[in-house]
Amino acid sequence: MTGKTAPSAKKPAPAAAKKKSAPVPKEEAAPKAAPAPKEEAASKEEAAPKEEAAPAAEGPSAPEQPPAPTEEPAPVPKEAGAEATPAPAEGSPAPPAEPPALTPEPKPEKPKEEPPSCPLSLAVEEVSENSFTLTWKAPEQTGRAGLDGYVVEICKDGSSDWKAVNQEPFLSTRYTIPNLSSGDKIHVRVVAVSASGASVPATLEQPVLIREILQLPKIRMPRHLRETFIKHVGDAVNIMIPFQGKPQPKVSWTKGGQPLDTNRINIRNTARDTIFYIRQAQRGDSGKYELTVHINGAEDKATLDIQVIEPPGPPQNLKLVDVWGFNVALEWTPPVDNGNSEIKGYRVQKSDKKSGKWFTVLERCTRTSCTISDLIIGNTYSFRVFSENICGLSDSAAIASGVAHIEKTKTTYQQEKIPQRDMMEPPKFTQPLTDRTTTRGYSTHLFCSVRGFPQPKIIWLKNQMEIREDPKYIALIDQGVCSLEIRKPGPFDGGVYTCKAVNPLGEASVDCRLDVKGEI
């Protein structure tokens, strides 16, 4: 059994040798196939390959071979590019085959940031005899990091040698290229620069000819200076007036045809404007100043009108003209000094003796007289007047020398005399009697109206017979209206009734017929 199993235990040895003895030289692999005698096992343990340990530990033939001493195996020489695999300890089973190592997935590369886009609207702003000025707009795309700036490059016409004008990038979109020769033709381009690179250059289509461009002088007077420029006394006057012209024009200022007083007025001129400055304005600085800009016989002129004002003086000769009832009349004359400005009006104030406080009764009174009403009876009033111009009220007021005492006036009632009118008039009937028909046993009335003065006497008649005191008849008169009541008339009460009015101036009468019917 032992002899039969020993060869079977050694069968996997060649397979193991194929897997792990690749780096061992061929001359050392031959002795590995034959088992070493027991006495030589210890001496050959260090030099033996690692694959020999596996068959020695397998099968029942293991007792025939004593265990090897626990010493580290000798290093096995490696072939170039081969990796060393640690050998298992002698007497231990062979380790399982390792799975193939997984290769890591490659990381996606970050996309590179694109450089900025081309600058826009490149144009020439100004050309002189030895320089020119460029302007442009920022590119539409500047990238995440933003622009570092711009680089301006120039090249003479006929050459391909581009040279950068600025050493470091700058962020301004305007640049002046100096130190050029008159008559040269210069090509120019501008590049936008950022951390991700440079943009496509913006290039002018045509070269720039370096020469002086003549321009007639022209003063650009600001709108607010085309009218009178008003300042208060003591204020600073600082005016800047732009102009244009090439070559640079000469600027001159005059007042009334005379040069300016440089002790009071400072003039500073630049290539594009002139500045007129007065530290503290006085009324004497008012007037019209002439500005002239001229180039080789061509000139342009403008006029600056300055008015320096201050508050006016008080009115003159204020006096009380009249006091009547609850009213006071005042008069005065305009101030001697109007503050170098037109008087806009006057402010009138009153003060009563009891309170001593001043109250405004009129504002912006344009006349030099006024009437103050609604004063209180029993009070004594004082009055003062201020003058006013565009600068404000005068510092002091004119005070009336007298006072106005409002006294209570005594009034008596006189009855109006009315002329007596002759009211005498003879009687006259304004409404006559009318014929009537009545029913027996029912009372009836007869009416008429009369006027006259003195009041006429009324007499009633029946069939030309005067009706005297008879209880059957009741006669009344009220406000000229005459009435006769016939109480329960009978058949004998019918007939002709007459009303007669009599006064000293005459008489008048009216009559009517009364019919009495029997009961139905």
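## Exercises on a predicted protein model

P247 sits in the loop that links β12 (237-246) to β13 (250-255). Strands (E, at least two residues) and helices (H or I, at least four residues) are DSSP runs, numbered from the N terminus. The model is predicted, so to speak of a local feature requires pLDDT of at least 70 and a side-chain atom pair counts only at pLDDT 80 or more, whereas totals for chains, interfaces and linings use all residues. Residues are numbered from 1 along each chain as its sequence is written, and side-chain values use heavy atoms, with hydrogens and water left out.

**Exercise 1. Describe the protein chain in overall terms.**

Step 1. Count the elements: the protein chain has five helices and 36 strands.

Step 2. Consider burial. Buried means under 20% relative accessible area, exposed means over 50%, and partly exposed lies in between (1.4 Å probe, protein chains only). Of the 520 residues in the protein chain, 30% count as buried.

Step 3. Consider contacts, meaning heavy atoms within 4.5 Å. Among those between residues at least 6 apart in sequence, 64% join residues at least 24 apart.

**Exercise 2. Which residues other than glycine, D374 and K488, have a positive phi of what size, and are they buried or exposed?**

Step 1. Phi of D374 is near 60°; this residue lies in the loop between β23 (369-372) and β24 (380-389). Its relative accessible area is 71%, so D374 is exposed.

Step 2. K488 has a phi of about 45° and lies in the loop between β34 (481-486) and β35. K488 counts as exposed because its relative accessibility is 61%.

**Exercise 3. Trace the open sheet that contains β13 and β17.**

Step 1. Write down the order of the five strands: β11-β18-β17-β13-β14, with mixed pairing. Two strands pair if DSSP finds at least two bridges between them.

Step 2. W253 stands opposite L291 in β17.

**Exercise 4. Identify the residues that touch the most other members of the largest nonpolar core.**

Step 3. Return to I241. Leaving out residues up to four places away in sequence, I241 touches several residues, among them I219, M221, W253 and L291.

**Exercise 5. Follow the pairing of β20 (residues 327-333).**

Step 1. Five of the seven residues of β20 are buried.

Step 2. β19 (residues 316-324) runs antiparallel to β20, and six bridges join them. L320 has L330 in β20 as its bridge partner.

Step 3. Inspect the turn: β19 and β20 form a hairpin with two residues between them, and G325 in the turn has a positive phi of about 55°.

Step 4. β20 also pairs with β23, antiparallel, over four bridges. Here V328 has I372 in β23 as its bridge partner.

**Exercise 6. State where P312 lies and what surrounds this residue.**

Step 1. P312 is in the loop between β18 and β19. P312 counts as buried because its relative accessibility is 5%.

Step 2. Compare sequence with space: P312 and S394 are 82 residues apart in sequence, and their C-alpha atoms are 5.0 Å apart.

Step 3. Beyond residues up to four places away in sequence, P312 touches residues including D337, N338, I343, L393 and S394.

Terms used
Core = buried A, V, L, I, M, F, W, Y, C linked by side-chain atoms within 4.5 Å.
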